[in-house]
Amino acid sequence: MDRRVAVVGYAQTEHRPRIDSSREMMVYRVTRELLDSAGVTKDRVDTVVSAQNDFLEGRTISNMRTVGPLAAFMKEETKVEMDGAYAALYAYARVRSGLHDVALVAGESMASCYPAYLPAVWALDPTFDRPNGFLNELSAGALQARSYMERYGVSEEQVAGVSVKNLGSAAGNPKACRSIPGIDLAAVMGSRALYSPLRELNCYPLTDGACALLLAEEKTALEMTDRPVWIQGVGSSSDTYYLGERNLSGCDSLAAAADAAYRMAGISDPRAEIDVAEVHESFSHEELIFYEALGLCGEGEGAGLLESGATSPDGDLPVNPSGGALGANPLCATGLIRIVESAMQIRGDAGDHQVPGEVATALAQGQNGLCAQQNVVFILRGQR
Amino acid sequence: MTDLENVRELGIDIDATYSWSVGASMERFVRGLADRRLLGARCPKCSRVLVPPRKVCERCFVETDEWVEVGPGGTVVSFTVGEVELDGKAGGFKDLDVPVVTGLIKPDGADTAFVHVIGEADPREVACSMRVEAVWADEAGGALSDLRYFKPL
Ligand SMILES: [Zn+2]
């Protein structure tokens, strides 16, 4: 089996604190834009995989009402209650296997609709963590931050450097929900204290938004576009739920996912071979942890890599030139946005946040669960 | 139904009661709290002591078969000082008048940590590797709340 699969189109809504639209119209518009910009009619789509979450939507089997808006009428259709990168992974598998030739992937949510931060509380172990009431996604992220900073002697200012880079980069991305042109360290360090060491600008913004992606097998892809972006490697791995059993100063499941994706793509030196990376950092410290788990630097060297400027938009390995999840985080779409942003960089379609120089190989990460419990890595390539 | 006239958004309450099976391990753990004992489960294969106890070791994929008393002393693995708390059913945050310290605490004799509150502590003094001890409710009722918090030693 050697069926190559390519990204042949993508679309994003603007990501905003509040999109003035029904959910169905938000999904319809992003799907419509995807098909129109790819020059593909809905009849060419064989299967649809979406990422939505019943708790976020306030109704069970939430995809029952998005069959229409997703152009899935009378098609093979399903959803995952996880990050959109998982929807892309399963759509990829469907196309790669030969079951289908063309797959449409979408992820969406509206933070303006659900009670903020409660979804993660309702994900907690109902026999201990939830009734105790001490844990939520921000306090969990804070425990992760402290573990990492303590182990490697990283300061709050060093971690804040990620927010400075990403929120500054978001200024070049018109889709971003939160951008702060000219942001400095003092702005991050002076933002509202939530759970130490996390402050407001260390944490993702509540976001409404949707993202969509079109995948096709090789022959169909070449009919549809002269600029296919090939999926060269994928990997995924899940760690235990229990925070107290995990290595919170690293991200073992991301390291495992990256290993698998690198092996499949034939990458032996990710630092040298990857031209741009889009990672799913819900919090600023996670980006440093992810540098290390992805093998872009050694253990405990994340802050050094950031400070070297290598991961800045004009560095030799830009990470999150879009502003990342700190710039926009519509749950269930964020990892899919990473894939789309990576494909945009390869195609040279990223406009004001296009990185200088040719982007041949890009990495995209999606994650799920408290403290990045579950991870997906995609390796994308532009040339044949 | 008249509510739908000239309306852009509806507030929708979802109020539902679920019945969760606690499971034999957690049931025994909570009963142990009434006797001021912290109980963990040991994996027969990797020998790790898991607290709160789990019936299956994920790493070995075998059932745990031995009860081990751990604590009441423990070590802070990580911590956070919460200046806010969740604003109940509404979601979002509200400011706290008095910050609450939450920690990942590894009881002595256990191979895992769990999240609990660190009380009787100046938030500025709390640190990783700090030694703490369980503080129990005066009158145990056989509930999770019998373990009130951990205090610095
Ligand atoms: Zn074991």
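1. How many salt bridges does the rule find across the interface of chain B and chain A? There are four. Keep in mind that this is a predicted model. The points below take the interface, then the cavities, then some details of the backbone.

2. Start with one bridge at the interface. Arg192(A) and Asp95(B) are joined through their side chains. The N to O distance in this salt bridge is 3.1 Å.

3. A second pair to look up is Glu9(B) with Arg18(A). Their closest N and O atoms lie 2.5 Å apart, and the pair forms a salt bridge. This bridge crosses between chains. On one side, Glu9(B) sits in the segment before H1 of chain B. On the other, Arg18(A) sits in the loop between strand S1 (5-12) and helix H1 (23-38) of chain A.

4. Now the interface as a whole. Chain B brings 42 residues to the contact, and chain A brings 33. Together the two chains bury about 3200 Å². Of that area, 62% is on carbon and sulfur atoms.

5. Polar contacts also link the chains. Between chain B and chain A, 13 residue pairs are in polar contact, counting pairs with both residues at pLDDT 80 or more. Which elements of chain B give two or more residues to the side that touches chain A? They are helix H1 (24-34), strand S6 (73-86), strand S7 (93-107) and strand S8 (114-118) of chain B. S6(B) gives the most, with nine residues. By class, this side of chain B has 20 nonpolar, 11 polar and 11 charged residues.

6. Three cavities of 30 Å³ or more turn up in a search of the whole structure. The largest cavity has a volume of about 80 Å³. Among the residues that line it are Ala145(A), Met149(A), Val159(A), Pro197(A), Arg199(A) and His285(A).

7. Which elements each supply at least two residues of the lining of the largest cavity? In chain A they are helix H6 (137-152), helix H7 (156-169), helix H8 (185-189) and strand S6 (198-199). H7(A) provides the largest share, three residues. The lining divides into eight nonpolar, two polar and two charged residues.

8. A cis peptide bond joins Pro197(A) to Ser196(A), with omega about 0 degrees. Pro197(A) lies in the loop between strand S5 (193-195) and S6 of chain A.

9. Chain B has a cis peptide bond to check as well. The bond joins Val51(B) and Pro52(B), and omega is about -10 degrees. Find Pro52(B) in the loop between strand S2 (49-50) and strand S3 (56-57) of chain B.

10. Asn320(A) is not a glycine, although its phi is positive, at about 55 degrees. Look for Asn320(A) in the loop between helix H13 (302-307) and helix H14 (324-327) of chain A.

Definitions and conventions: Residues numbered from 1 in each chain as written. Chains lettered and ligands numbered in written order. Predicted model: local features only at pLDDT ≥ 70, side-chain atom pairs only at ≥ 80, totals over all residues. Heavy atoms only, no water. Contact = heavy atoms within 4.5 Å. Buried area = accessible area lost by both parts, 1.4 Å probe. Polar contact = N/O pair within 3.5 Å; in protein donor to acceptor, adjacent residues only side chain to side chain. Helix = DSSP H or I, 4+ residues; strand = E, 2+ residues; numbered from the N terminus. Nonpolar A, V, L, I, M, F, W, Y, C, P; charged D, E, K, R; others polar. 1 Å grid on protein atoms, 1.4 Å probe; cavity = no way out; pocket = protein on both sides within 12 Å on 5 of 7 lines; lining within 4 Å. Points joined across faces, edges and corners; volume = space filled by probe spheres on them.
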